[in-house]
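Dear colleague,

Please find the structure below, together with its sequence. My notes on it follow.

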Amino acid sequence: MIMSNRECGPASDGREHISGLLMRMGIVGDDPAVYMALHRAEKFADKDKPVLIQGESGTGKELFARAIHYLSKRSRKPFEDFQPSACPEALVGNELFGHYAGAFTGAGGFRPGIIDRAAGGTLFLDEVQSLSPALQVELLRILDTQEYRPLGGGARRRADVRIVCACNVDLLSLVEAGTFRHDLYYRMAWARIEVPPLRERRGDILLLADHFLEKSILEGGGTRKLLSEGARKALLAYQWPGNVRELASTIQSAATMVEGDEICAEDLEFPGQRDELLLLPLDQAVADSTRQFVGRYIRELLAMYNGNMARVAETACLDRSSIYRLIREHGIEINTYRRSIAM
C-alpha cells in the first residue's frame, strides 16, 4: 500500500521534535513505527475523543495512553487505568461505575467508581475486549452521551472523562466473529495507534537493553555493568514473545545475578521461552526446544558473520541450500543481519 505524505508520519524536520517527546514520555526507541505511533498520539491528544491502541502484550501500550493524556488539555487532571480482565466479571461494573445505596447486600451508601475518580482526566481501559456484552453497551452509551448510571438504579451521572482503550488482539476479528460490538469498535477506532511488537523493531533491542541495564543499576545501587558482544548477539537472536516487558525482566534479572562487570550470553534467561516449554508434554517440548535452538543458532551465526552465507554454512558444516531452507523455515530475514555491516 502506498501512503500519502500525511499518512507516512512525521517529516524529517519533525523527527527531532518526536525524539524529544519520546524522552519526555519515557518511551525508548528509534524505529520508524515507534515514531509513527507517538506522532499519531500527539495528533490525537487534543481531539478529546476516544482512541484505540492496539498491540501485543508487553509492547508498552500504557505509555502511549499516558502520552495522549499528558499531551492533552486534560493533563493536569487524573489519569486512571483499569484492566477489566484482572477483576471478577461480576465486579467490573461496580469498579467502573460505582454504586448507590442498596445496589447489593452491604451497599450502605454511594460509592464512586473509577470513572468518577478520573473526572476531568483520562480513563485508560486495557484489554477492552474482555468487557462483557452488557458492559460494552454501557461503554458505548458513555461514548455517545457522556452519561452513565452507577449500580442500583439511581440518577445518571455525567462522565467528564476522555476514554483511551487498548487491545492485545485483533479487535476487528472479534467484531467479525460477533463477540465484540461493531458499533462500539467503530466508535472507538476513529483514531487508532498501532504499537509494534519488539521482533518488528529489532533495531531497538540493544537500545532498550542498555536503557534497562542502566535503570536497573541506578535503582539497585550496584556497580556498572556492560553487555558482552555475545550477550548482544543473543538478545538480537531471540524473538521476544513477551516484547519489551520480557526484555526488561531479562536484563533486570541478569543485572541482579551477575557479580562481575560484564553480562555474558550464558547469564541471560529468556522466561517467555522457558515458560512456554514447561506447559507442553515432554516429547513436544523436546521438539519445540530443538526447533528454537536451531532458529537461534542460525540467527547467531548470521549476526556473527553479518549475513555472510558462505561463513555461516562453513561454520554449521552444511551446504548453502540447507542454510537457506532453515532460514525459510524459521522466518528469518537475512537483510536484517546484512544491514548491520553499515551500522
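Two residues are in contact when heavy atoms of theirs lie within 4.5 Å. On that basis, residues 24 or more positions apart account for 69% of the contacts in the chain with a separation of 6 or more. Please note that this is a predicted model, in which local features need pLDDT of at least 70 and side-chain atom pairs count only at pLDDT 80 or more, while totals for chains, interfaces and linings use all residues. Residues are numbered from 1 along each chain as its sequence is written, and side-chain values use heavy atoms, with hydrogens and water left out.

The chain has 343 residues, of which 45% count as buried (under 20% relative accessible area, with exposed meaning over 50% and partly exposed in between; 1.4 Å probe, protein chains only). It contains 16 helices and nine strands, taken as DSSP runs numbered from the N terminus (helices: H or I, at least four residues; strands: E, at least two).

Five of the strands form an open, parallel sheet in the order β2-β3-β6-β1-β7, where pairing requires that DSSP finds at least two bridges between two strands. Because β2 (79-82) and β7 (192-194) stand at the edges with a single partner strand each, one side of each is left without a neighbour in the sheet. From one strand to the next, the twist averages 20°. Within the sheet, β3 (residues 122-125) and β6 (residues 162-167) are joined in the parallel sense over four bridges, and L123 stands opposite I163 in β6. Helix α2 (residues 32-45) packs on the sheet and touches β1 (51-54), β6 and β7; its direction makes about 160° with that of β7 (axes are lines fitted to C-alpha atoms, for helices over the stretch in contact, and angles run from 0 to 180 degrees between N-to-C directions).

The loop between β3 and α6 (133-145) holds L131, which is buried at a relative accessible area of 5%. Beyond its neighbours within four places in sequence, L131 is in contact with P84, V92, L96, Q136 and L139.

There are six aromatic pairs (rings of Phe, Tyr and Trp, the last by its six-membered ring, with centres within 6.5 Å; planes under 30 degrees apart are stacked, over 60 edge-to-face and the rest tilted). The ring centres of Y238 and W240 are 4.6 Å apart and the planes stand at 85°, so this pair is edge-to-face. Y238 is buried, with 7% relative accessible area, and W240 is buried at 0%.
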